[in-house]
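User: Hey, I've got a structure open and I'm new to this. Can you walk me through some of it?

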Amino acid sequence: MGYMWLCCPGSLYWCIAAVLCTVYFSPCTVMGKAEGSVAREEWHGHVTALSVAPEFRRLGLAAKLMELLEEISERKGGFFVDLFVRVSNQVAVNMYKQLGYSMYRTVIEYYSASNGEPDEDAYDMRKALSRDTEKKSVVPLPHPVRPEDIE
């Protein structure tokens, strides 16, 4: 599997596209960014999107992409990696748990719905990196939060 890095030098954003066939066909991608505060030990990698085409699922591609994003977050001095996932997406929740992520908090009505459906909650899942030696970044919050409460 080859990797094509799409980024701007010095940018806080990065995108990794795993290319299996040709440049025009990318069955899986992960996008992430570095954000937060170093002073408050909140500097971290954030998974903006992870996508694997249905016919390429259960081959370990998502795990490999997450591993790459975690390595980049380590090199950028992050304390943890986080992501948001729909509460209803138990397949993804279970995959992230298998990769070492834990539920940090629930975010009420994080995902906007359409067609008159109710908004959906999200789990903010986290995985501590080596810089967080005491694993403080993954201690779960005891109560849910709203999107406007997220920094």
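User: What follows H2, and is its phi positive or negative?
Analyst: Gly-100 follows H2, and its phi is positive, near 100°. Helices here are DSSP runs of H or I with at least four residues, strands are E runs of at least two, and both are numbered from the N terminus.

User: Before we go on, what kind of model is this?
Analyst: It's a predicted model: local features need pLDDT of at least 70, side-chain atom pairs count only at pLDDT 80 or more, and totals for chains, interfaces and linings use all residues. Residues are numbered from 1 along each chain as its sequence is written, and side-chain values use heavy atoms, leaving out hydrogens and water.

User: OK, back to the helix. Which residues of H2 are buried?
Analyst: H2 covers residues 90-98, and Ala-92, Val-93 and Tyr-96 are buried there. Buried means under 20% relative accessible area, exposed over 50%, and partly exposed in between (1.4 Å probe, protein chains only).

User: Why do they line one face?
Analyst: Looking down the axis of H2, the buried residues fall within an arc of 100°, so they line one face of the helix. The arc is that of the directions from the helix axis to the C-beta atoms. In general, an α-helix has 3.6 residues a turn, so residues three or four places apart point the same way.

User: And what's on the face turned away?
Analyst: Val-91 and Gln-98, which are exposed.

User: What covers the buried side?
Analyst: The cover includes helix H1 (61-75) and strands S4 (44-52), S5 (80-86), S6 (102-111) and S7 (120-128). Contact means heavy atoms within 4.5 Å.

User: How do S5 and S7 run, and how many bridges join them?
Analyst: They run antiparallel, with seven bridges. S6 and S7 also pair in the antiparallel sense, over six bridges. Strands pair if DSSP finds at least two bridges between them. Met-125 in S7 is the bridge partner of Leu-83, and Met-125 is the bridge partner of Met-103 too.

User: New topic: how many aromatic pairs are there?
Analyst: Three in the whole structure. Rings of Phe, Tyr and Trp (its six-membered ring) pair if their centres lie within 6.5 Å; planes under 30 degrees apart are stacked, over 60 edge-to-face, the rest tilted. Tyr-96 and Tyr-101 have ring centres 6.0 Å apart and planes at 70°, so that pair is edge-to-face.

User: Are those two buried or exposed?
Analyst: Both Tyr-96 and Tyr-101 are buried.
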